[in-house]
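User: I'm new to this one. Can you walk me through a few parts of it?
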Amino acid sequence: MCGIVGYIGKRPAYPILIKGLHRLEYRGYDSAGVALINDQNELTVLKTKGKVADLERYAESKDTSGTIGIAHTRWATHGEPNDRNAHPHYSQSKNLAIIHNGIIENYAVLKTALQKEGFTFQSDTDTEVLVQLIEYVQQNNHCDLCQAVQLALQEVIGAYAIAVIERGNPDLIIAARKSSPLVVGIGEDEFFLASDATPIVEYTHEVVYLEDEEVAIIERNKPLKIVNFKNVEKPLHIKTLEMSISQLEKGGYPHFMLKEIYEQPRTIIDCIRGRINPEGTDVILSGVLDHQEKFLHANRIIIVACGTSWHAGLIGEHLIEDLCRIPVEVEYASEFRYRHPIVRPDDIVIAISQSGETADTLAAVEIARKAGAFIYGICNVIGSSIPRATDSGSYIHVGPEIGVASTKAFTGQVTVLAMLALTIGKLRGSIEPERYHQLIRQLQLIPQKMKTVLGLSDQLADLSKIFTYAHNFIYLGRGYNYPVALEGALKLKEISYIHAEGYPAAEMKHGPIALIDNEMPVIAIATTDSVYEKTISNIQEIKARHGRVVALVTEGNHDVAAMADHVIEIPQVDECLMPLVVSIPLQMLAYYIAINKNRNVDQPRNLAKSVTVE
Ligand code: F6R
């Protein structure tokens, strides 16, 4: 949510900042801006509403020289997306410029106090309040920029990742974080700063992730220094990035989303690599095996997540209850954090998050920690906040997900949940050895089955043309396929802006069936499983009301074809792994419908990739 880039070194900063903003545009794309200090020590801010390309056009005729700068791409929280509210923001004297991710919760109180001191404001943002506060502190205490930032941040309530530069001080960037990620890249005589590592990886693999309430003093020709608000120096933990630049490119696909859909056979191989023994007979999930006692004695598992990750959590609930016989509750992290939940020390809380930065999920983790529960993270972004806040966990290892609509992260999360359930089930003796081995074999076959469903792309592209102008969609599934129906509906609404709802198929007759007429497309997941017969009855109820049914069935099933308007055949897979395969045609259908409607599938309106504000 919002992207931050910074550079100080020997090269012109502007091209590096612009390239970095393009890489981060998936985090927010309402407006964009840069601040640079040129050779005459002048501080210039250039910013505009719109995307990074709009900023480039705007800056074409302007001075973009200088070897130090900060830049931002915004997802609006305070104030509508326009030129005034775009970052960077100047301080009153225009001596300072700031970029900021997050929310300053007490901005209104601070603003009133500053107004009384004669400060005036050009924007509606909380960020401008912060830069004015830093200037006020600096003027009153006659201190340097770093001290002013340290003192000002002690007055601030909220979440932030910030970077500040100062006119006449072309050798220094001050950056700080609390509950919003920030990473410094260390190059040769140069430093990079960003809200995640994607803009940094093409220049250096050496990075330092800032911790909460740390301030980075990034000074030209000096070693990086990290201090806390009391100016106590902190040790530098330099990490090596494993990401490669090719993972951040589209690789010949027209969109990241399509690339990420097609990557799934490989990302599942990466996800299970090293976690199934070479004989293919055992799952070795070290995050569980290193804490066996916790899993052996757990009374309950609570899964917390948001959005697509919450849908993966619902599948996890089925898997864990089926294979481990431990009661599971799945909670929206945003609800969990505010409803005084009962969490006990013998509970295990599983936090699922692609980005590892979702503010609500992180807050839920903190509540679980305070209650003494053991916390397990299932995340994608290595080194992000949630894995660092948990007791143990498993990365999904699907590589950077750039498309705003989550695809390969969802199947990675479900794969880890399947391995987790198998590992716990074996530990607790709740799974028959034969079923255990059969599921491991099936899991290894998933990438091949995914390739088969990817071969349905022409059929799905054709089908999409029939339904492009529908105004509503209903997605139905039961059992393991109910969360897939929710996920299919979410994908469609996110990127095509068509209203879509997912329901457990049997719930239709309790209300939603009133919506059915000959204009209502119904996507019914009716693969051969323990609830197949029941799902068929539900499809008949829809057909009796003239609904238009697209049925997803298991290969070779001809019965459903007789009642459905369109049939998509999916390879046979054990029912508890079926979500891994059946979700892919739904991702593709949403993609093609959105393309037919000329939507920006990688950056749909109003959304951002990583929701670091609550
Ligand atoms: C949907 C989507 C969102 C995220 C949600 C949680 O396509 O991307 O619903 O799943 O914002 O994000 P993470 O998984 O990063 O916590």
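Analyst: A term to begin with: contact means heavy atoms within 4.5 Å. Helices (H or I, at least four residues) and strands (E, at least two) are DSSP runs, numbered from the N terminus. This is a predicted model, where local features need pLDDT of at least 70, side-chain atom pairs count only at pLDDT 80 or more, and totals for chains, interfaces and linings use all residues. Residues are numbered from 1 along each chain as its sequence is written, and side-chain values use heavy atoms, with hydrogens and water left out.
User: OK, helix H18 then. What do its buried residues pack against?
Analyst: They pack against E21, E23 and strand E24 (548-554).
User: And which residues of H18 are buried?
Analyst: Tyr-532, Thr-535, Ile-536, Asn-538, Ile-539, Glu-541 and Ile-542. Buried means under 20% relative accessible area, exposed over 50%, partly exposed in between (1.4 Å probe, protein chains only).
User: Why would residues three or four places apart point the same way?
Analyst: An α-helix has 3.6 residues a turn, so residues at that spacing point the same way.
User: How far apart are the end C-alpha atoms of H18?
Analyst: They are 19 Å apart, which agrees with the 18 Å that the 13 residues (532-544) should span at 1.5 Å a residue. The expected span is 1.5 Å times one less than the number of residues.
User: What follows H18?
Analyst: His-546, with a positive phi near 65°.
User: Now the sheet. What is the strand order in the open sheet of five strands?
Analyst: The order is E22-E21-E23-E24-E25, with parallel pairing. Two strands pair if DSSP finds at least two bridges between them.
User: Which strands stand at the edges?
Analyst: E22 (499-504) and E25 (566-570); each has a single partner strand, so one side of each is left without a neighbour in the sheet. From one strand to the next, the twist averages 20°.
User: How many bridges join E21 to E22?
Analyst: Six, with E21 covering residues 472-477. Within E22, Ala-500 is the bridge partner of Phe-473. Helix H17 (residues 481-496) packs on the sheet, touching E21, E22 and strand E23 (521-526), and its direction makes about 175° with that of E22. Axes are lines fitted to C-alpha atoms, for helices over the stretch in contact, and angles run from 0 to 180 degrees between N-to-C directions.
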